Amino acid sequence: MNIVNVDYDGLIPNNVGLNSDPRVKAALEKWHPGYINWWHDMGPEGFQQAIVYLRTAVSVDPKGWAKFDYVRMPEYKWGILLAPQVEDRKIAFGAHKGQPVWQEVPGEYRAMLRRLIVIQGDTEPASVEQQRYLGKTAPSLYDLRNLFQVNVEEGRHLWAMVYLLHKYFGAEGREEAEELLIRRSGDADTPRMLGAFNEETPDWLSFFMFTFFTDRDGKMQLEALAQSGFDPLSRTTRFMLTEEAHHMFVGETGVGRVIDRTCSEMKKAGIDDPNNLTAIRKLGVIDLPTIQRKLNLHYSLTLDLFGNEISTNAANAFHSGMKGRFHEDKLSDDHKLESGHYPVLRCLNGKIVNEDAPALSALNMRLRDDYTKECVGGVERWNKIIEKYGISFRLTLPHVAFHRHIGEFAKVKTDPTGTIISEAEWEKRRDEFLPSNSDREYIESLMKPEREPGKFASWISPPKVGIDNKPGDFEYVKLAG
Ligand SMILES: [Fe+2]
Ligand SMILES: [Fe+2]
């Protein structure tokens, strides 16, 4: 079995030697039709027959793993791809630090590990469900193709987690895999497991914000799982990370192109005041204050995904060697965290204060801080675009206490700077902070599809380069009929 190249002969492409594992092969083949049904029911609405220029993994070699070709999405080669095994890999952190990594599930951590895999797995189909209507309003064929690329890869990420469930968790794993196809984003009775994955993604600015902020949470979780002492989990998440990078690229460049269009149209029309919404909206672009409000919404919803600041689950996952820290292998401490401390923002007696907490209990907070650092970098790159046009406006991340539903700050209301305000003031000023109904209506009014190759909707600039270096007027999606 060549681990680098993917075997495309059977029903399920893989580089895990599925042919010599008849039990798991049979279980996955049984799961397959349910997956395809789910894709037809919940995947991109109205585009199942379209022919899309997609990349498919042909190897797991970081250099050149992708092959680009036209494919109908239901025929996409979803498969099971693990990064190559690292020889003599040792557990890098926690109580078992220094011991060889596990190739089988350690009995005492079985329940915890299954839960980590199911939670990660649940987010993957959820985002496809959230994005299923966006194709109808894509601002260009380039963007339409990127949406579909993200969608098929999230589908593949579900496969990645389902493989682990089938291979290592027996009947319980198969049951969890079934349930991953039953829960639905936003469903009143069977919702997805995490809040942000039950929200709507109603328009393309939301999509770009989602792929910038929420896919980046996905990246951070995958980075932490890539450190896992359970080697199959580490290997599968390492390969998922190579796909994830494109999702965040779509988000960052998407928002950047929206900003670029807004600023360039403002300049052309001689409008300097970014708050002159009436004049700016007449240009058919999205004003910067509305972009800020969308950012406030998506950043705050995503912070909730990191869970409670102080968490025994997170401590246990680390101590057991199941889930590490971001770049664990590059950190220089004892990797056990039995005695250290970490500063945690808390809400005590109506005040926001910084308090040292035991490092082991503060791991969610730490991952969230690492996440925020990355977000700051992206926001600064967006600000560079605004600066380039000489418009005096800066986008900023809201304070971590703003608009939270989980953790320390769920019990208070703050403005985006983190100043605690009363419920009444929050109600009064809510539309300053978060997208208002009229913002939403305005954005919706712009969401008209642009289907001619090389053309873009009024509110977004073209990308600097095409996918796979294709020219500007390349037909990324051939629509059926
Ligand atoms: Fe994913
Ligand atoms: Fe993603």
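**Entry 1: a pair on one helix.** By how much are Glu154 and His157 separated in helix H3? I found them 3 residues apart in helix H3 (residues 141–168), so about one helical turn separates the two. Helices here are DSSP runs (H or I, at least four residues), strands are too (E, at least two), and numbering starts at the N terminus. I also checked burial: Glu154 and His157 are both buried, where buried means under 20% relative accessible area, exposed over 50%, and partly exposed in between, using a 1.4 Å probe and protein chains only.

**Entry 2: ground rules.** I am reading a predicted model, where local features need pLDDT of at least 70, side-chain atom pairs count only at pLDDT 80 or more, and totals for chains, interfaces and linings use all residues. Residues are numbered from 1 along each chain as its sequence is written, chains are lettered from A and ligands numbered from 1 in the order in which they are written, and side-chain values use heavy atoms, with hydrogens and water left out.

**Entry 3: the iron ion (ligand 1).** I listed its donors as Glu124 (OE), Glu154 (OE) and His157 (ND1), at 2.0 to 2.2 Å. A donor is an N, O or S atom within 2.8 Å of the metal (3.2 Å for Na, K and Ca), and sites may look incomplete because water is not among the atoms. Along the sequence I read the spacing of these donor residues as E-x29-E-x2-H.

**Entry 4: the iron ion (ligand 2).** Here I noted Glu154 (OE), Asp215 (OD), Glu244 (OE) and His247 (ND1) as protein donors, 1.9 to 2.2 Å away. The angles among the 4 donor atoms run from 90 to 176°, and the site is irregular.

**Entry 5: stepping back.** I counted 12 helices and 7 strands in the protein chain. Of its 481 residues, 58% are buried. Its C-alpha atoms fill a box of roughly 65 × 65 × 40 Å along the principal axes.

Notes:
Tetrahedral: all angles 85-135°; square planar, octahedral: opposite > 155°, others 65-115°.
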